Amino acid sequence: MHLTLYLALSALSGMVIAVMVVANTLLGQATTMGVSLIINHTIGLVLLSAILLVGRKRPAIRGPGKPAPWYLYFNGLFGVAILNINYVTIISIGASLAMAAAVFGQAASSLIFDLTGWMGIKKRTLNPTKVVSLAVCALGIVIMAQSGEGGSFKVGYILLSALAGVLTMTQMILNSTFAVYKGPIRAAQQNFIGGLGAGLLFYLLLQREETIEAIGKIPTISPLLLVTGGLLAVFVVVTTSYVVVKIPAVYSALLLSAFQVLMSLVIDTFFFDAFALPLLLGALLMLFGMGGNLYSDTTSA
């Protein structure tokens, strides 16, 4: 698959994530965030299991079936942590600032993965052009942070949001590594199994009454809203499994983040009558900086 196609898939995944987040939030508001997670993971697991059943004779779907390190089977647990961190930080510092901090966490961790070759990522080096380009990306993230609500500088919540970004990027890389052993579809299925198991255990133990009460509301919710988050999550997990190990991790992080922000701006503008100029300028700067990184890689290859 050509580099351009990998980059395009990363960008598309970022846009899909933005729609998925909105759908998950709306479903969470209609029930609870815990029930939203349980519904989405159940739908994703059913869909992936059906694909594996129907395509069990196709190597591209069945996957190589190689033995994988034990810890990769628990990759889905990251989803529960990310969901709860996002919920706490968005309430505390606003969606825009939480998003900007998460973007920083994704970009910083992806750069570390690229420079160290950790978790099987191809090791890469920095040169002056890439340093300047990454500085432009960092400036874009700082500008995005100016759209944060409230005006108070809550360092703890910002660091927590950045941690959510680090966990998100780590989960993507682990899932991509798992896909090398099992294939993208089966790796995604295991991701949903782990996330659903952890979600059921977490919410039924710690928020039992609230969760059971919210489950009772499911028949009153629009079928489209019920299935959208889970279906889009399957697309994101499978697509990133293909892409993350094929291109520099920092490209994946910046493209996912920038196009997630751009799509969020489109959604806010046309559906919620809201627009944040710092988010637009920041996302465009991130894309410009990533273009400098890409230029540096292609000229030095």
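**A chat about one chain**

Guide: Leaving aside its neighbours within four places in sequence, I143 is in contact with P278, L281, G282 and L285, where contact means heavy atoms within 4.5 Å. This is a predicted model, in which local features need pLDDT of at least 70 and side-chain atom pairs count only at pLDDT 80 or more, while totals for chains, interfaces and linings use all residues. Residues are numbered from 1 along each chain as its sequence is written, and side-chain values use heavy atoms, with hydrogens and water left out.

Visitor: How many residues apart in sequence are I143 and G282?

Guide: They are 139 residues apart in sequence, yet 5.3 Å apart in space, counted C-alpha to C-alpha.

Visitor: And which helix is I143 in?

Guide: I143 lies in helix α6, which covers residues 128–145; helices here are DSSP runs of H or I with at least four residues, strands are runs of E with at least two, and both are numbered from the N terminus.

Visitor: Is I143 buried, partly exposed or exposed?

Guide: I143 is partly exposed, because its relative accessible area is 23%; buried means under 20%, exposed means over 50%, and partly exposed is in between, using a 1.4 Å probe and protein chains only.

Visitor: Changing topic, how many helices and strands are in the chain?

Guide: The chain has 12 helices and zero strands, and of its 301 residues, 48% count as buried.

Visitor: What is in the largest nonpolar core?

Guide: That core has 23 residues, and those with the most contacts inside it are I17, L48, F192 and V238. A nonpolar core is a set of buried Ala, Val, Leu, Ile, Met, Phe, Trp, Tyr and Cys residues joined through side-chain atoms within 4.5 Å. The largest share of this core, six residues, comes from α8.

Visitor: At what angle do α2 and α10 pack?

Guide: They pack at about 60 degrees, with their axes 8 Å apart; axes are lines fitted to C-alpha atoms, for helices over the stretch in contact, and angles run from 0 to 180 degrees between N-to-C directions. The two helices are therefore oblique to each other, since angles under 35 degrees count as roughly parallel, over 145 as roughly antiparallel, 65 to 115 as roughly perpendicular and the rest as oblique.

Visitor: Which residues make that contact?

Guide: Among them are I39, I43 and L48 of α2, together with L226, V234 and V238 of α10.
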